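Dear colleague,

I am passing a structure on to you, and my notes on it come after it. Please read them alongside the coordinates.

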Amino acid sequence: MADRERQHGRIALALQGGGSFGAFTWGVLDRLLEDGAEFDAISGASAGSINAVLLASGLQKGGPDGARAALDGFWHDVADTPGLPSFALTALAASAPFVSPYYHNPLGLNPLRDLLTKHVDFERLRAAPPVRLMIAATRVRDGGLRIFREDEVSLDAVLASACLPMMQRAVEIDGEAYWDGAYSVNPPLRRLAIETEAEDILLVQIMPEEVDAVPQMPSEIAQRAHEIGFNASLQRELQALEDLRAGCHGATALSLPTARKLQRLRLHRITATDWVSDLGARNMLDTSPTLLTELHAAGRKAVSDGRADETRQAA
């Protein structure tokens, strides 16, 4: 973060989704935990929701060391899982001619299910959550947002938050079908700002906003479409937060506790493309050990060098 001393205060985390690029966030969290950071609330979508529940579950089981171990164990398992890269890349390629996952994946296979079950005790997490959680999923029926809170986060909620509709069947929860949360918010930011008691929010952005060349291969086109959509939902959240804070000016507004809190709020941003120069040319479904290790190291370095962008509404 911009001021290294703030790392030792309680902060809120907003974790963007973006497939295997979430290994960058793993590196950021790994270094924050090593530096003694404490967390008030965490919001996430897609890969961001996975990192959020890993962090929360690990904190519950074994404090900062437990959180680091949970993140490390999950991401190493992702790299070591036989067939996971080929499953993901084949599914993405299949999306180009609009082959439904109900046909190319008739059994509804999802390698993430076993990995999450191994590393997160959801029942225990719901019973005694160490931080507030906001896990985003998108309703298929109307495109609306559903945020699963810490007392209702389940395996299916996280799978729903990370469900790419051309790769996996929609995840049904209480009779409602859900797709990836990044379509509606990526990640929940305005709600996090309103509810957190922290004065610092760290946004970890992992999806490339710009590319150097026009994608031409089917898989490249599909990925770029995801990047544009996932970043658009983030920009909407950033604008909504800015509008909310702008409305907090004036004597009447400043007399309200929420308005005073929003005026004090500091928003920091760590952007993966600042630390991985060719990220736009990488595939977010590439789970090779080489890429995940590189992204993890880059995330750690981003925190170590203390170069997070900060914006704060003038009081």
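Predicted model: local features only at pLDDT ≥ 70, side-chain atom pairs only at ≥ 80, totals over all residues.

Residues are numbered from 1 along each chain as its sequence is written, and side-chain values use heavy atoms, with hydrogens and water left out.

Helix α1 (residues 22-34) packs against helix α12 (residues 289-304) at about 45 degrees, the axes being 6 Å apart (axes are lines fitted to C-alpha atoms over the stretch in contact, with angles from 0 to 180 degrees between N-to-C directions; helices are DSSP runs of H or I, at least four residues, and strands runs of E, at least two, numbered from the N terminus). That angle makes α1 oblique to α12, since angles under 35 degrees count as roughly parallel, over 145 as roughly antiparallel, 65 to 115 as roughly perpendicular and the rest as oblique. Contact means heavy atoms within 4.5 Å, and among the residues making it are Phe 24 and Trp 26 of α1 and Leu 292 and Leu 295 of α12.

As for the backbone, a cis peptide bond, with omega about 0 degrees, joins Asn 186 and Pro 187, and Pro 187 sits in the loop between β6 (176-180) and α8 (190-195). Ser 46, in the loop between β2 (38-45) and α2 (47-80), has a positive phi, near 55 degrees. Most residues other than glycine have a negative phi, and most peptide bonds are trans.Finally, the largest pocket has a volume of about 420 Å³ (on a 1 Å grid with a 1.4 Å probe, a pocket is an open set of points with protein on both sides within 12 Å along at least five of seven lines; the volume is the space filled by probe spheres set on the points, joined across faces, edges and corners).

Best regards

Notes:
1 Å grid on protein atoms, 1.4 Å probe; cavity = no way out; pocket = protein on both sides within 12 Å on 5 of 7 lines; lining within 4 Å.
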